[in-house]
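Subject: Structure for your review

Hello,

The structure is below, followed by notes on what was found in it. Please read the notes with the coordinates open.

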Amino acid sequence: MRLTTKGRYAVTAILDLALHQGHGPITLADIAERQGISLSYLEQLFAQLRRRGLVASTRGPGGGYNLGRPASQINVAEVISAVDESLDVRRCDGKGDCQDHTKCLTHDLWTDLTGQIYAFLSGITLESLMQRRDVLEIAEQQDMRMRFGDLEERRVVPIHTEA
């Protein structure tokens, strides 16, 4: 298993969506701005998430996305799988043909690890992530930056002129 940008971005984007629920549909443009993910990439990811029922879209003015189910019913493993990412660390993808069409010496070790990873990520819901203090603090900082811009960039530097 190698968790690619696709899986990481999918989890980040749907968590952003979950954190902003209750304010009407959330636009992908807002998620893109807060998370620094390209809008076109988010469109691709959300098409996959929508097909799996993890998000629902609303068209038209004021449209955007909402979670397809409560945050307590969506786990991280499900999000990663929805965007066609594998949680399997086995080179053979579980077929047992890792070495000359037979099981390799460490096949069962990697099978056990794959099960542990899946169980771990299945036990983490969006709701549990939303309750973490560190997640809430980062989300608040991102919202402030989006609302007010980067204050360092906006600071006015006086111009000194000589008489």
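Helix α3 covers residues 39-51. With 13 residues, α3 reaches 18 Å from its first C-alpha to its last, close to the 18 Å expected at 1.5 Å a residue; the expected span is 1.5 Å times one less than the number of residues. Helices (H or I, at least four residues) and strands (E, at least two) are DSSP runs, numbered from the N terminus.

Some conventions apply throughout. This is a predicted model, in which local features need pLDDT of at least 70 and side-chain atom pairs count only at pLDDT 80 or more, while totals for chains, interfaces and linings use all residues. Residues are numbered from 1 along each chain as its sequence is written, and side-chain values use heavy atoms, with hydrogens and water left out.

Around α3

Leu-42, Leu-45, Phe-46, Ala-47, Gln-48 and Leu-49 of α3 are buried. Here buried means under 20% relative accessible area, exposed over 50%, and partly exposed in between (1.4 Å probe, protein chains only). Contact means heavy atoms within 4.5 Å. After α3 comes Gly-53, with a positive phi near 80 degrees.

The hairpin

Strands β1 and β2 pair in the antiparallel sense, over four bridges; two strands pair if DSSP finds at least two bridges between them. Thr-58 stands opposite Gly-64 in β2. Five residues lie between the strands of this hairpin, where Gly-60 takes a positive phi near 90 degrees.

Salt bridges

A salt bridge is a side-chain nitrogen of Lys or Arg within 4 Å of a carboxyl oxygen of Asp or Glu. The count by this rule is six, including the pairs below.

- Asp-16 and Arg-34: the closest N and O atoms are 2.8 Å apart. Asp-16 lies in helix α1 and Arg-34 in helix α2, so the pair ties together parts that are 18 residues apart in sequence. Both residues, Asp-16 and Arg-34, are buried.
- Lys-103 and Asp-108: the N to O distance is 3.4 Å. Lys-103 counts as partly exposed because its relative accessibility is 48%, and Asp-108 is partly exposed at 45%.
- Arg-133 and Glu-137: the N to O distance is 3.7 Å. Both lie in helix α7 (residues 133-148), four residues apart, about one turn of the helix. Arg-133 counts as exposed at 66% relative accessibility, whereas Glu-137 is partly exposed at 42%.

Arg-90 and the α5 region

Arg-90 is in the loop between α4 and α5. At 17% relative accessibility, Arg-90 counts as buried. Not counting residues up to four places away in sequence, Arg-90 touches His-107, Trp-110, Thr-111 and Thr-114. The C-alpha atoms of Arg-90 and Asp-108 are separated by 9.1 Å, and the two residues are 18 residues apart along the chain.

A nonpolar surface patch is formed by Leu-109, Trp-110 and Leu-113, which together have about 270 Å² of accessible area. Areas come from the Shrake-Rupley method with a 1.4 Å probe; for residues, only the protein chains shown count as cover. Patches are made of residues with over 30% relative accessible area and no salt bridge, like charges being joined within 9 Å and nonpolar side chains (Val, Leu, Ile, Met, Phe, Trp, Tyr) within 5 Å. Leu-109 lies in helix α5 (residues 107-122) and counts as partly exposed, at 47% relative accessibility.

Regards
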